[in-house]
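Good morning, everyone, and thank you for making the time.

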Amino acid sequence: MSYRCCIGLLVLLLPAMSWAEFVAPFVVTPQRDVDRMMRLADVGPGDYVIDLGSGDGRIVISAAERGAVGHGIELDAGLVREARLRAEGAGVADRVAFVQQDLFQSDFSRATVLTMYLMPDVVMRLRPVLFDTLAPGTRIISNSFDMGEWRPEQHISAAVSGGLYLWIVPAKVSGHWTLSIDGHGEPMDLEIDQHFQDIEPQLQGRDQGYFMEDVRLHADRIDFHAVNRHRSYRFSGRVDGDRMSGYVHIQDGDETSVAHWQATRS
Ligand SMILES: C[S@@+](CC[C@H](N)C(=O)[O-])C[C@H]1O[C@@H](n2cnc3c(N)ncnc32)[C@H](O)[C@@H]1O
């Protein structure tokens with residue numbers, strides 16, 4: 001290869017190499033912890049599993065052995081080759097892929113289960129990306145390290161000292177919503193403050209506010225009980241982008257009824 005060709009190749013490769021940053025050393029998750037991760041996330045058919053920093057591929061391969069499909073993202077080309085060979089050996093090469101990529105340049109929005117065994121500061125850097133881009137209901141498993149104020153749904157002990165963490169990505173519900181109940185008067189204002197899966201809704205009718213209790217957001221399911229001295233509304237529904245809908249049990253004096261409700265974010 002000529003001198004000019006070499007310089008040309010370097011100029012082409014340098015930007016890609018300098019963007020990529022090795023953010024964790026290669027340390028494997030012991031297989032018994034991989035099995036725990038699979039059970040914790042309830043991995044099975046229908047799942048798309050992505051491992052960020054997939055090492056020798058064991059997590060995605062174990063997921064495929066449970067009927068899932070998926071891929072691993074790994075910066076080290078040698079580990080990508082090793083993972084592909086292991087997938088062939090396990091007879092799951094048609095269900096998995098291993099790509100040599102920088103995890104910070106990757107799109108993992110299609111995951112239904114996302115796994116990682118990365119350094120604590122990297123997990124924290126990824127937190128807003130995971131919260132913003134993963135669909136409600138996606139299960140996230142982190143080996144050893146937590147995500148600070150984003151409380152895990154579960155934290156179990158494991159062979160690795162930090163244990164295993166599970167999060168379920170919640171729907172994004174913060175903001176101002178206009179809520180109406182079929183056949184029950186004028187729309188009401190619903191204001192929601194959200195901090196990961198913790199929410200604080202405030203409901204305001206035409207001339208009356210409500211006290212809120214039994215508030216819960218889990219994946220795309222939302223439940224809250226709005227009550228004042230005249231009425232009680234027990235809402236239960238699903239979030240779909242800028243819309244929510246479901247059923248509400250209404251207690252109005254001695255009368256109880258059930259009605260359909262919907263809300264739109266403005
Ligand atoms: C602690 S190992 C975990 C391996 C595997 N996930 C497991 O649990 O057995 C972290 C892996 O992340 C890879 N890695 C480090 N920086 C990366 C980056 N920027 N993009 C993709 N992979 C990276 C390393 O090469 C290493 O294989």
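This is a predicted model: local features need pLDDT of at least 70, side-chain atom pairs count only at pLDDT 80 or more; totals for chains, interfaces and linings use all residues.

Residues are numbered from 1 along each chain as its sequence is written.

Let me start with strand β12, residues 221–227, where strands (E, at least two residues) and helices (H or I, at least four) are DSSP runs numbered from the N terminus. In a regular strand the side chains alternate between the two faces of the sheet. In β12 the covered face holds Ile222, Phe224 and Ala226, whereas Arg221, Asp223, His225 and Val227 make up the uncovered one.

Which strands lie beside β12? Strand β11, residues 211–218, runs antiparallel to β12 and is joined to it by six bridges, and strand β13, residues 231–240, is also antiparallel to β12, with seven bridges. Leu217 has Ile222 of β12 as its bridge partner, and Arg221 stands opposite Arg238 in β13. The hairpin of β11 and β12 has two residues between the strands, and there Ala219 takes a positive phi near 55°, while the hairpin of β12 and β13 has three residues between them.

Turning to the ligand, 25 residues lie around it, and Thr29, Gly53, Gly55, Leu103 and Tyr117 come nearest; a residue counts as near if its C-beta atom, placed from the backbone, lies within 6 Å. At least two residues of this shell come from α3 (58–65), and at least two from β2 (69–74).

Notes
A residue is buried if 20 or more other C-beta atoms lie within 10 Å of its own, exposed if 12 or fewer, and partly exposed in between; C-beta atoms are placed from the backbone. Two strands pair if DSSP finds at least two bridges between them.
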